[in-house]
Structures are given as C-alpha cells and as structure tokens.
Amino acid sequence: MLRRRTYFFLALLVGFLSVVVFNLYHYQGFSSNSEPTTRHMSDSKSIIVIGGGLAGLSAAHTAFGRGYSVVLLDKQPSLGGNSVKASSGINGAGTPAQTAHGIVDSSEAFANDTNASAGPLARPALIQTLTAQSAAALAWLSEPPFNVDLSLVSRLGGHSIPRTHRGKGGAPGWAMTSALIKALDPGKADGRIQVINGARVVKLVERDGAVSGVEYEQQGERKSLAGTAVILATGGYAADFSTTGLLAQYRPDLLETPTASGGHATGDGHRLAASLNSPAALWDMDQVQVHPTGFIDPAQPEAHTKFLAAEALRGSGGLLIDSKGERFFDEMGRRDAVTAAMQKVAEAGRGPVRLVLGPKGAEALKAHCDFYVGKGLMKRHTDTASLADEMGLHLEDLSKTFHAHNSYKRGEQTDPFGKVHFHDEEFDINAPLLVAQITPVVHYVRIVLVMMIGLTES
Ligand SMILES: *[C@@H]1O[C@H](CO)[C@@H](O)[C@H](O)[C@H]1NC(C)=O
Ligand SMILES: *[C@@H]1O[C@H](CO)[C@@H](O)[C@H](O)[C@H]1NC(C)=O
C-alpha cells in the first residue's frame, strides 16, 4: 500500500544578510527526498516549480539533474525574482575563496553567528543546514556548468569572519541568476525543461490527499498542469502592501515604510500553501527584515520603492552619520540593530542619515559605486569641506568624526558604539568622498517557503 508522505520545508533564513542562500535549502531539501527510486503518483516524472528566483532555479536544476522533467512557472515576464537584486553576495564558510584570502572560517563559527543573530527565534536544525552546507552550495554555483565568480570575500554585519562572497563584476545576484537561467537552455532544447513566464499559479490541485498539479492564469486564460510534485519557491511578501495583504495582517506597522522589493513579492506561495485541505503551517510570519540602507533618490525622495544600497558599502568602510555629522552606531552591526538606531536618529530630528564612503571603499566597490553615481543615488564630493558645505556644517564637525573613527580603527581609542571590525580605510579630509542619503526599507520577508508536495513513497 502506498503511504503518502508530504514534505514541508519551511526555511527561515537568518543572518544572511545580503543574500540568498535560498538555493541551499531548496537544493538540499529537495535532493535528499527525491531519490529516483521513489514511486510517484503520476508516471510522468514531472516536477512543477513555482517561482523563478534563485530558489526556483536551483530546484529546477536539481530536479532536472536527477532525471525529472521540469516545468518552471513564474508570474513575471522574465525569471530572476528578487534574487537578481542581491548586491552584496552569498555567505559561505570554509570555501576555497576564503582559503585563498587567508581567511580561517568554519561552519560552526557561521552557525554561532547565525544563532546569535536569530536570538530567541533560532531554529538549530535550519541553522545547521544553512551553515554546514554553505560551502557546498557555493561550490555548486561556482563550478561547471554555472561557473559563477564568487572569488571576493568581505565581512558584513553580524559576521565575526569575512564570509560574504561575490565576484568581480559587482552584481552577485545577477551573476548567479543569469548563470542558472542560461544553463536551463540544454534542458529546454531537449524538451525536459519548460519555462512558462507570465503564469500566475492560482490553485494547487489536490487528489487523494496529495498535490497533483496546479492551475495557473496566463494572459487571462486559466490552464492546468499535472505533475509528480510541486515545489513552491515563491519568495516573500515584502511588497504586499494592499490593505488586505499579508503585511497588513502580520506587520501593519510597516505599511508606510518604503520597500526595496520588486512589486511581485506578494506572498502568493504562502496563500497557496495555507489554502490546502491540510494547510501548511506558516512560521514566523511577522519576521520581516527592514534593511537599514535604502537610497533616498534626490530626484524622488518620497518614492515608496527605493533602490537598495548594498550592505557591502558598510562592509567596505562606509560610515553612517546624522545631520550633525556625528556617528551614532556600529556600522558593522546587524541590520535590525542599525535600523533601530537610524529610527532613533530620525525621531530625534537628526535625520537624514548619510552613508559616507572613502576612496578605498569606493575602489573596492567600484562597479557598485559607478552604478549608484550614474543613477544619481550617490554623489561624489571632492573633499570633506564640500560635504560639510552641503550639510550646512563646519568642516570641524565632520573632521572630528573622521579623526575619531581613524583612532578607533588604529586601536588608539575604543569606539563608543563597540565597533571592532574595521575596513582598511582612514579618512583624510582632503580626499574625495562618495555620499548618499539613506533610509530603512522593507527588504525581504526572510521566510522562504519550500514545499515539495505530492510525492509518494512506498
Ligand atoms: C560556538 O559556540 C559554542 C557554544 O557557545 C562554543 O563552544 C564554540 O567554541 C563556538 N565555536 C566557534 C568556532 O566560535
Ligand atoms: C544560541 O544562542 C543562544 C542565545 O540566544 C545561546 O543561549 C545558545 O547557547 C546558543 N547556541 C549555540 C549552539 O551557540
């Protein structure tokens, strides 16, 4: 007799910061439960993946590699999701790139940092999966057929060791997703991978207590698709701003906060999962990450959707100063802590907050900075006096801040905000600066829902 098993993987990704280790959960979770020996409800061996971000792409490749045919559905006109926007990198501990830079790390150290970051919400089993398999996940991306360049490593907020990997091109999210999208071509060519864009899944079809397919809408037409299993890789709901949406339900306090998310992140997958006859349990739905550094575009300061300022800007020595030119926090702190500190600054009437990058940081992130300057989001100042002028301050107000930070960096004094990790930058009032005004933005809902449903097992 067939005993039906439904697998749910609900992954709360913490500590990442910058990106996206989604593929890890998806990849591992999927592969460890989908041995080709499993008996299937349908004999077509067809897997339906909903969502074409890094998670869905990773799931699609994994299923394909294990002999399944794959239908990848994305409601957007093109694949990539929010993953394409990841601008600082992907975390991994114990990688060859770290070794090449002389960085000693371990998955245990990564787990400890993640555990500390998660606080009372830590789920040890998920942290273990995320961290212990992070190096393998990065290897999967950087080896053939994907060959993603992840050779640069930096230390970002919440990490005790540099472990955020990116490539020389400066756009790691794009590099990862585009490599995975391109590598779908051979599967598409032999007909075992089908990508359907503009397809919004509206229903999970259930038969005998298992999911047996989906119904989706495409150009106003309703269509259905049967499969052996359905994988939800649909991302979060950081852009579900409607009055009846998930933000209103779980985090009404954030409805007015700008977002850095694409408008497509509306929690469709969560709704689908909750609509099953045996609804999926949704955990930690109120855990919405507010990223401290969204750019305030001088051309449209009130825009609700903002461009994200890469976390790597702080990781590369960027300072945060208030309207008096004073620092107010450890720039290398965790995102939630930096955001809370910025909110206090705003409440005290000392906004806007500016992010100030020196020449070494600008050089380390040249591709990013050229892009931001080109978009008018960062401004070049010839020297500190120019910035002081724009802020209506005396040169001394800023030079005091910079000189104090230099002495913390050299270890001559202790940073009053507890900063211990410093980039190799000393501020010189005669050197140029790159400066942006920033504000917290709803970033991602750190809940990645991965469900593989419908598989049966003897
Ligand atoms: C991780 O934390 C545990 C428990 O606090 C500690 O014993 C261990 O030494 C830490 N490991 C690393 C590599 O920091
Ligand atoms: C995880 O963090 C908590 C504090 O939030 C701590 O009590 C616990 O020892 C940590 N666990 C490990 C394995 O380090």
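**Model and numbering.** I note that this is a predicted model, in which local features need pLDDT of at least 70 and side-chain atom pairs count only at pLDDT 80 or more, while totals for chains, interfaces and linings use all residues. Residues are numbered from 1 along each chain as its sequence is written, and chains are lettered from A and ligands numbered from 1 in the order in which they are written.

**Sheet.** I then followed the strands, taken as DSSP runs (E, at least two residues; helices are H or I, at least four) numbered from the N terminus. Strand 9 pairs with strand 10 (residues 210–218) in the antiparallel sense over 8 bridges, pairing being called where DSSP finds at least two bridges between two strands. The open sheet consists of 3 strands in the order 9-10-11, with antiparallel pairing. Strand 9 (199–207) and strand 11 (221–226) are at the edges with a single partner strand each, so one side of each is left without a neighbour in the sheet.

**Helices 4 and 5.** I recorded an angle of about 140° between helix 4 (residues 107–118) and helix 5 (residues 124–132), whose axes are 9 Å apart; axes are lines fitted to C-alpha atoms, for helices over the stretch in contact, and angles run from 0 to 180 degrees between N-to-C directions. The two helices, helix 4 and helix 5, are therefore oblique to each other, since angles under 35 degrees count as roughly parallel, over 145 as roughly antiparallel, 65 to 115 as roughly perpendicular and the rest as oblique. On the helix 4 side the contact is made by S107, F110, A111, T114, N115 and A118, and on the helix 5 side by I127, Q128, L130, T131 and A132, where contact needs C-beta atoms, placed from the backbone, within 7 Å. By class this contact has 6 nonpolar, 5 polar and no charged residues, with Ala, Val, Leu, Ile, Met, Phe, Trp, Tyr, Cys and Pro as nonpolar, Asp, Glu, Lys and Arg as charged, and the others, Gly among them, as polar.

**Ligands.** Around ligand 1 I found S106, E108, A109 and N112, a residue being near if its C-beta atom, placed from the backbone, lies within 6 Å. The shell of ligand 1 has 1 nonpolar, 2 polar and 1 charged residues. Ligand 2 is surrounded by N112, N115, A116, G119 and A122, and its shell has 2 nonpolar, 3 polar and no charged residues.

Technical notes: Contact = placed C-beta atoms within 7 Å.
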